[in-house]
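Colleague: I would like to learn how to read a model like this one, feature by feature. Please give the general idea each time, then the case at hand.

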Amino acid sequence: MSRPRLKEALNIINLYRTQGFKEADEAMAEYNNILKTEGEFLAGRFIIELCIEIKQALVEESQSAKS
């Protein structure tokens with residue numbers, strides 16, 4: 001599983017937002033808060049790590065559904 005770049009991670013979260021996931025709205029609010037208070041590096045790390053966790057959860061869910 002490859003690590004997404006910041007732009008890709010933001011696109012993924014925005015895609016979830018357009019699909020109506022309120023958690024994605026919360027994630028973007030937190031991203032913007034971290035961006036304002038801590039800077040781009042930590043905000044980017046937050047959103048990238050979140051996307052990695054989402055991908056891992058989806059893979060695990062898919063594997064458990066096959067069993």
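Colleague: What covers the buried residues of helix 1?

Modeller: The cover includes helix 2 (22–37) and helix 3 (40–66). Helices here are DSSP runs of H or I with at least four residues, numbered from the N terminus. Buried means under 20% relative accessible area, exposed over 50%, and partly exposed in between, with a 1.4 Å probe and protein chains only. This is a predicted model, in which local features need pLDDT of at least 70 and side-chain atom pairs count only at pLDDT 80 or more, while totals for chains, interfaces and linings use all residues. Residues are numbered from 1 along each chain as its sequence is written, and side-chain values use heavy atoms, with hydrogens and water left out.

Colleague: Which residues of helix 1 are buried?

Modeller: Ala 9, Leu 10 and Ile 13 are the buried ones. Viewed down the axis of helix 1, they fall within an arc of 100°, so they line one face of the helix; the arc is that of the directions from the helix axis to the C-beta atoms. Lys 7 and Thr 18, on the other side of helix 1, are exposed.

Colleague: How far apart are the end C-alpha atoms of helix 1?

Modeller: The expected span of a helix is 1.5 Å times one less than its number of residues. For the 13 residues of helix 1 (residues 6–18) that gives 18 Å, and the end C-alpha atoms are 18 Å apart, which agrees. Just after helix 1, Gly 20 takes a positive phi of about 90°.

Colleague: Which residues of the largest nonpolar core touch the most other members?

Modeller: In soluble globular proteins, nonpolar side chains tend to be buried together. A nonpolar core is a set of buried Ala, Val, Leu, Ile, Met, Phe, Trp, Tyr and Cys residues joined through side-chain atoms within 4.5 Å. Here the largest has 13 residues, and Ala 9, Leu 10, Ile 13, Met 28, Tyr 31, Ile 47 and Ile 48 touch the most other members. Helix 1, helix 2 and helix 3 are the elements that give two or more residues to this core.

Colleague: What is Tyr 31 in contact with?

Modeller: Contact means heavy atoms within 4.5 Å. Neighbours within four places in sequence aside, Tyr 31 is in contact with Leu 6, Leu 10, Ala 43, Gly 44, Phe 46 and Ile 47.

Colleague: How many salt bridges are there?

Modeller: Side chains of opposite charge can pair when their charged atoms come close. The rule asks for a side-chain nitrogen of Lys or Arg within 4 Å of a carboxyl oxygen of Asp or Glu, and the count comes to two. One joins Glu 49 and Arg 3 at 2.7 Å, N to O. Glu 49 lies in helix 3 and Arg 3 in the segment before helix 1, so the pair ties together parts that are 46 residues apart in sequence. Their C-alpha atoms are 8.6 Å apart in space. Glu 49 is partly exposed at 26% relative accessibility, and Arg 3 is partly exposed at 48%. The other bridge is between Arg 17 and Asp 25 (2.8 Å, N to O).

Colleague: How many aromatic pairs does a search of the whole structure find?

Modeller: A pair of aromatic rings is described by the distance of the centres and the angle of the planes. Rings of Phe, Tyr and Trp (its six-membered ring) pair if their centres lie within 6.5 Å; planes under 30 degrees apart count as stacked, over 60 as edge-to-face and the rest as tilted. The search finds one pair. The rings of Tyr 16 and Phe 21 have centres 5.7 Å apart and planes at 85°, so the pair is edge-to-face.
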